[in-house]
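Dear colleague,

My notes on it follow directly after.

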Amino acid sequence: MPKPIHSYIWRYALILVAVGLALLPVAWMATMAFKPHTEWATSAADLHWWPHEETWANFEFIFTGQTDAVNITHERTAGKPILASLVTALLGTLIAVVAGTFGAYAVSRFKVGANLPIGVLQLRLFPPMAVMIPVMIMWVFIGAMDTWWGLSLIYGIVTLPFAFWLMKTFFDEVPREIEEAALVEGCSWFRVFWKVTLPMVKAAIASTALFVFILNWSDYVIALLLTRKDWVTIPVYMNSLSNVMSGQMYGAKAALGLIAALPPVVFGIAIQKYLVRGLTFGALKQ
Amino acid sequence: MSKETTSRKGVTRRQALKASAAGVAFTAAAGIGPRWLQSRDAWAADLAPGMTGGPTGFAGAERYQYDDNMSEGRAVAAARKLKAEGKAPDVLRILMTDGAIGHFTKPWPADGPTLQSIWERETGIKIEFFSVSPQEQFNKVIQDVTTGSAAYDVYTFGYAAMGDLSEANGIVPLGEWIDRHGADFADPSRGMPTPESYSMLYKYGGEPMSVCYDGDAQVWVYRKDLTEDPTHKAAFSDKYGWEPGPPRTWAETDQLAEYYTGRGSPEMLGNGNMMSAFWGISTWYNRYVSKDNPNQHLFDDEGNPLINTDAGIQATEEHMKSLDWSDKGGLAWQWGEYYGAMGDGNSFMLGTFSNCPKFLDTPGSAIEGKLGSFLPPGHQFGGDLVRRSTIYLGNNGGVSTQSNYQELAYLWLQWSGSTRIFSLLTGNPGGFFDPFQLANFQDPLVNQSYHEYHVPIIEGTVARAVPTIAIPGQFAMHNTLSENLVAAMTGDKSAKEAMDDTAKSWKKHIRKRGADKMIGLINAAKGGWSTVIDKA
């Protein structure tokens with residue numbers, strides 16, 4: 001029996017409200033990025049959604065450290081932090097997804113290391129902060145402080161459990177019969193993995209990569225502790241955007257936030273066709 | 001055929017490359033070298049007779065120049081010697097807060113050199129700054145100490161952290177170097193205003209442990225134009241029985257705050273003081289420490305907290321009341337927001353870091369020419385008026401125990417913290433380090449950027465300033481106080497409960513750290529408290 005029309009109306013109304021609420025802070029950030037200093041300062045006369053006088057001054061400020069709009073300068077600019085975030089988040093994602101995929105396949109298919117899945121999970125049983133002092137000492141020892149590879153490596157390690165467990169779930173859902181058929185045809189296990197199984201979980205890898213990338217991209221604490229100057233990332237740089245004459249530089253932070261939101265969005269759009277499938281992979285038992 | 005390709009004249013490729021390299025090197029040496037030497041000569045020729053270093057190229061530069069018998073000159077000479085002996089690095093690494101590095105990297109005055117360039121051309125040792133936000137400054141230092149990463153030769157930190165860093169073996173004692181290289185930090189005619197202030201800002205446990213970069217006494221500014229307005233004058237006098245102007249006591253301060261709240265458009269805050277977590281401690285301190293004659297201390301001589309006595313509870317109640325004349329949202333502000341509100345003309349008065357007029361009373365600002373400043377308000381005891389301010393936060397430079405070039409790191413601190421170079425440094429609007437040395441207050445460039453009406457008030461305030469807690473664990477102790485003050489202001493606790501809880505926590509902290517040692521340090525720190533008393 002078809003559902004009554006009003007149930008559809010209610011459902012979509014609720015969805016619209018939920019989406020609206022979720023997007024409200026994003027929209028506020030987007031409009032603030034184009035407001036002049038007088039409209040986002042704490043002493044601004046009132047709060048309003050749309051800029052009264054749209055300006056690019058906030059973007060100019062974060063990329064040049066100054067703007068004619070206000071008599072404020074900043075020592076650091078956003079160029080290097082954006083590059084640092086891109087490099088380290090991407091490499092960290094690559095490390096976690098590659099290692100997680102291989103590890104998950106081995107455990108899923110060969111049942112090696114009965115305690116390995118729990119062992120990997122242990123990396124996430126406590127907050128990363130709890131182990132950061134020993135990590136810092138190790139990173140100093142191996143010369144990894146404030147380097148692109150040092151930050152990428154820790155991102156890879158910290159997000160490995162996510163990648164491993166997600167991929168294990170996906171591999172568990174791939175029918176073994178297909179792999180066995182390939183084995184019977186004379187394929188080696190690696191060839192089976194590479195040519196048969198991996199193409200089947202492409203969508204799962206894409207959604208895992210996006211998830212891990214977002215975790216790395218938005219990290220603050222680890223980057224704060226393991227960088228000093230050369231490889232400071234966007235969130236750490238954003239924290240420095242305050243000024244003696246105006247306090248928190250909300251406009252500049254909004255402009256940087258808008259830029260920082262772009263890579264995950266672009267990444268998401270680029271893998272959109274895999275994403276839906278990846279997120280629903282294994283939802284139904286065979 | 002040989003492996004090397006031979007040209008028609010019998011010259012091998014390797015020989016040709018060698019000859020080219022030599023040619024390039026010769027050309028560079030002949031072309032660039034003398035030019036560098038020329039500029040060095042030209043710079044030295046611009047120095048006043050008898051001077052061996054310092055800035056050149058602007059009117060009055062000679063005031064900041066020095067010879068080998070002056071504090072800065074001795075530091076440079078010793079640094080050169082270390083360089084010649086191979087005991088100096090190519091680059092000295094300095095951890096410093098955002099907003100202060102401009103003192104060294106921005107020219108001041110506009111046609112002058114940067115301080116960084118002066119040091120580098122005189123010593124041949126480059127400087128690399130690592131910036132950090134004020135909130136993360138101490139954490140970065142402690143991380144470097146704990147991990148032994150030796151990332152910096154010089155740390156900067158709040159003066160009150162000297163105890164923590166000394167106890168953590170993070171900074172090196174400086175007494176021997178100060179004597180050997182003859183620093184002028186405590187020079188009675190040019191350095192710290194009083195022996196007490198030298199003790200407060202440079203020493204921990206009686207030993208010099210760091211070099212002060214930032215006075216940071218809380219100095220009061222107000223909207224002078226509004227107190228001179230005839231309408232306000234009449235209305236205020238009718239209500240309170242005295243003409244509005246610089247207050248002498250906290251009672252008068254509160255009356256001004258009450259009256260000016262809600263005046264103007266947009267409605268003004270009568271009390272523009274910092275009230276938020278962490279930052280608002282200084283406002284509470286300013287009120288509390290003048291509640292006895294000569295001082296209302298934080299601890300008695302046995303190390304018992306005094307903040308839950310009548311004086312502490314009363315100060316807290318008054319502090320809570322003053323929230324009526326503040327922005328309620330201001331409980332989440334940081335110091336920049338309070339500056340912003342004052343700078344935009346939305347606050348009547350503010351007791352804060354002394355650079356407020358330097359940054360806010362500037363051409364084209366909403367309050368240009370409208371500010372005045374006054375000595376800290378206090379409490380009356382018979383014929384005495386005890387006016388007090390506190391030195392909260394501040395910035396000191398210390399030599400890292402992790403550094404391989406500790407003496408050179410100290411020499412940098414001596415050079416940049418001595419009275420001539422520091423006068424030039426602190427006047428620079430490129431950073432927020434504030435004046436505190438006697439020589440600074442006489443300096444024309446300091447008076448230009450800090451304004452002539454404000455500089456004598458800074459000097460008077462520094463003389464009346466007392467320290468906050470500067471013993472090991474001060475961060476935890478300040479956090480407890482801050483949390484309890486906020487709890488009182490938001491109505492979660494009464495003033496008495498808040499102070500009792502703070503006192504209990506402080507007591508526990510002192511016991512945990514070793515009561516005998518802590519009591520000794522508390523009593524030693526009392527040597528830094530001002531004894532200046534005014535007539536009522």
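In these notes, a residue is called buried under 20% relative accessible area, exposed over 50%, and partly exposed in between. E318(B), at 23% relative accessibility, therefore counts as partly exposed. Please bear in mind throughout that this is a predicted model.

**Salt bridges within chain B**

E318(B) and K291(B) meet through their side chains in a salt bridge, at 3.3 Å from N to O. E318(B) belongs to helix α13 of chain B, while K291(B) sits in the loop between α12 and α13, so the pair ties together parts that are 27 residues apart in sequence. In contrast to the partly exposed E318(B), K291(B) is buried, with a relative accessible area of 11%. Both residues belong to a network of salt bridges that also links D254(B) and R287(B).

A further salt bridge in chain B is formed by K81(B) and E85(B), whose closest N and O atoms are 3.3 Å apart. Here K81(B) is exposed, at a relative accessible area of 53%, and E85(B) is partly exposed, at 40%.

**The interface between the chains**

The contact between the two chains takes 31 residues from chain B and 25 residues from chain A. The area buried between them is about 2,400 Å², and carbon and sulfur atoms give 53% of this. On the chain B side, Q143(B), T147(B) and E337(B) lose the most area to chain A, together 21% of what that side buries.

Which residues pair across the chains? D98(B) forms a salt bridge with R76(A), with the closest N and O atoms 3.2 Å apart. The count between chain B and chain A is two salt bridges, and over all chains the count comes to 24. D98(B) is in the loop between β1 (91–97) and α3 of chain B, and R76(A) is in the loop between β2 (70–73) and α4 (79–110) of chain A, so this pair joins two chains. D98(B) is buried, with a relative accessible area of 9%, and R76(A) is also buried, with 19%.

**Domains and surface of chain A**

The domain assignment divides chain A into domain 1 (5–73) and domain 2 (79–280). Their contact takes 16 residues from domain 1 and 18 residues from domain 2. The C-alpha centres of the two domains lie 30 Å apart. Between them the domains bury about 1,500 Å², 80% of it on carbon and sulfur atoms, and the count of salt bridges between them is zero.

Chain A also carries a nonpolar surface patch of about 780 Å², with I5(A), Y8(A), I9(A) and Y12(A) among its residues. Y12(A) is placed in helix α1 (residues 5–32) and is exposed, with a relative accessible area of 52%.

**Backbone features of chain B**

One joins W108(B) and P109(B), with omega about -10°; P109(B) lies in the loop between α3 (102–105) and α4 (115–123). Another runs from N293(B) to P294(B), with omega near 10°, and P294(B) is in the loop between α12 (281–288) and α13 (310–321).

Positive phi values in residues other than glycine occur at D216(B), near 55°, and at L393(B), near 70°. D216(B) lies in the loop between β6 (211–214) and β7 (219–223) and is buried, at 5% relative accessibility. L393(B) is in the loop between β12 (389–391) and β13 (395–399) and is partly exposed, at 24%.

With kind regards

How values were computed: Residues numbered from 1 in each chain as written. Chains lettered and ligands numbered in written order. Heavy atoms only, no water. Patch = residues over 30% accessible without salt bridge, like charges linked within 9 Å, V, L, I, M, F, W, Y side chains within 5 Å. Areas by Shrake-Rupley, 256 points an atom, 1.4 Å probe, with all protein chains shown as cover. Salt bridge = Lys/Arg side-chain N within 4 Å of Asp/Glu carboxyl O. Helix = DSSP H or I, 4+ residues; strand = E, 2+ residues; numbered from the N terminus. Buried < 20%, exposed > 50% of the residue type's maximum accessible area, 1.4 Å probe, protein only. Domains from an automatic or database assignment. Contact = heavy atoms within 4.5 Å. Buried area = accessible area lost by both parts, 1.4 Å probe.
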